[in-house]
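Work through these exercises with the sequence and the 3D view side by side. Try each task before you read its solution.

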Amino acid sequence: MNPTGLAPGRGRRARVLLRSPMPFTAAIVLALIVLASFLGPLFFSETAQRQDLGMRLAPPFETASGFSFLLGGDPLGRSILLQLLIAARTSLLIALLAVGMSALVGSAIGVISGYVGGWLDALVMRVSDVIHTLPSLLLALVILYVLSPSITNLVVVLALTRLPIYMRVARAQTLELRERVFVEASKALGARPGRIMLSDIRPMVAPTVLTVAMLEVAHVMLQAAGLSFLGVGLQRPDVDLGVMVAAGREFLSQAWWVTLFPGLLVVAIALAANILSNWLRAVDDPAQNAVFLSRKALREEETPK
């Protein structure tokens with residue numbers, strides 16, 4: 001067992017992941033989707049946008065027209081399989097950029113607010129309460145209705161709606177960490193507040209923020225897809241999974257595959273990301289980490305030498 005009660009290192013965490021069937025499967029699925037969505041468009045970007053009205057609403061699982069139409073054709077005769085690669089890349093990019101931006105800005109504000117305290121902390125928390133009180137989807141709808149739909153605007157809006165989560169997490173940890181002995185020692189040695197926050201507190205807050213960010217990727221991706229589905233997110237020629245799902249609404253009775261396959265991909269990404277992030281949170285928690293390590297030790301004892 002880990003005598004320090006701390007989370008396992010990268011090597012040990014990887015070994016624990018290999019012995020956890022469901023999280024390991026989720027990691028493999030997520031890795032394959034990410035690789036396919038980012039590498040595929042490098043080779044098939046132009047082909048994915050090519051329209052062939054002869055393949056309009058072509059049924060799936062027929063390879064007579066080539067492997068690219070394995071999942072059928074959309075209302076304009078484009079390959080759904082190749083469109084999925086483009087859409088998945090866009091959805092993942094939006095989610096990763098929005099989560100990264102909100103995590104960096106939100107955690108920085110939370111650390112400063114928790115360490116400085118006083119009127120600054122009160123002001124930051126009131127702003128956080130206001131943003132948190134407003135329904136994130138409604139706030140995004142209002143802002144995107146005023147602004148023109150684009151990837152940049154969508155990323156900024158989604159990052160803004162998720163800021164309070166990271167602000168609160170970072171502030172809560174900072175309030176506890178600023179009373180620790182190592183922070184007092186840094187003060188006694190004459191370290192400036194900025195250096196203490198950057199060198200002493202930030203590394204301790206970062207693992208928790210990373211775990212929350214993993215959980216948020218799936219949520220933000222679903223939110224972006226929902227906005228595109230409602231018509232205020234991305235618009236053609238930009239395409240994400242929400243745009244693809246929305247494109248098949250009118251053809252559900254005659255071409256169910258146009259909506260089903262992008263919907264299934266959304267579910268697969270969200271489910272895999274949630275399973276992996278929940279596992280990561282459990283491993284980084286000292287109490288649950290002890291359970292993982294004790295199970296590993298028990299299996300090693302039962303393994304015949």
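**Exercise 1. Find the charged group that sits over the ring of Phe-229.**

Step 1. Apply the rule: a charge sits over a ring if NZ of Lys or CZ of Arg is within 6 Å of the ring centre and within 35 degrees of the ring normal.
Step 2. The residue is Arg-249. Its charged end lies 4.7 Å from the centre of the Phe-229 ring.

Before you go on, note that this is a predicted model: local features need pLDDT of at least 70, side-chain atom pairs count only at pLDDT 80 or more, and totals for chains, interfaces and linings use all residues. Residues are numbered from 1 along each chain as its sequence is written, and side-chain values use heavy atoms, with hydrogens and water left out.

**Exercise 2. Describe the secondary structure of the chain.**

Step 1. Count them. The chain has 11 helices and 0 strands.
Step 2. Read along the sequence. The pattern is α-α-α-α-α-α-α-α-α-α-α.
Step 3. Of the 305 residues in the chain, 44% are buried.

**Exercise 3. Describe how helices α3 and α8 cross.**

Step 1. Recall that two packed helices are described by the angle between their axes and the distance between the axes.
Step 2. Read the values. The axes of α3 (residues 80-116) and α8 (residues 193-230) come within 7 Å and cross at roughly 145°.
Step 3. A crossing is left-handed if the near helix is turned anticlockwise from the far one by less than a right angle, and right-handed if clockwise. The crossing of α3 and α8 is right-handed.
Step 4. List some contact residues. Among them are Leu-92, Ser-107 and Val-111 of α3, and Met-197, Val-209 and Met-221 of α8.
Step 5. Sort them by type (Ala, Val, Leu, Ile, Met, Phe, Trp, Tyr, Cys and Pro are nonpolar; Asp, Glu, Lys and Arg are charged; the others, Gly among them, are polar). The contact residues divide into 21 nonpolar, 2 polar and 1 charged.

**Exercise 4. Is Met-197 buried or exposed, and what does Met-197 touch?**

Step 1. Met-197 is in helix α8. Its relative accessibility is 14%, so Met-197 counts as buried.
Step 2. Leave out residues up to four places away in sequence. Met-197 then touches Val-111, Ile-112, Tyr-115 and Arg-202.
Step 3. Check one partner. Met-197 and Val-111 are 86 residues apart along the chain, with their C-alpha atoms separated by 7.0 Å.

**Exercise 5. Which residues do ring pairs link into a cluster?**

Step 1. Apply the rule: rings of Phe, Tyr and Trp (its six-membered ring) pair if their centres lie within 6.5 Å; planes under 30 degrees apart are stacked, over 60 edge-to-face, and the rest tilted. The count comes to 4 aromatic pairs.
Step 2. Take Phe-61 and Phe-261. This pair is edge-to-face, with 6.0 Å between centres and 90° between planes. Phe-61 is in the loop between α2 (21-48) and α3, while Phe-261 is in helix α10 (residues 257-284), 200 residues apart.
Step 3. Phe-61 is exposed at 56%. Phe-261 is buried at 12%.
Step 4. Take Trp-256 and Trp-257. They are also edge-to-face, at 5.4 Å and 85°. Trp-256 is partly exposed at 39%, and Trp-257 is buried at 8%.
Step 5. Name the cluster: Phe-61, Trp-256, Trp-257 and Phe-261.

**Exercise 6. What is the phi of Leu-57?**

Step 1. Recall that most residues other than glycine have a negative phi.
Step 2. Phi of Leu-57 is near 55°, a positive value.
Step 3. Leu-57 is in the loop between α2 and α3, and is buried at 13% relative accessibility.

Conventions:
Axes fitted to C-alpha atoms, helices over the stretch in contact; angles between N-to-C directions. Helix = DSSP H or I, 4+ residues; strand = E, 2+ residues; numbered from the N terminus. Contact = heavy atoms within 4.5 Å. Buried < 20%, exposed > 50% of the residue type's maximum accessible area, 1.4 Å probe, protein only.
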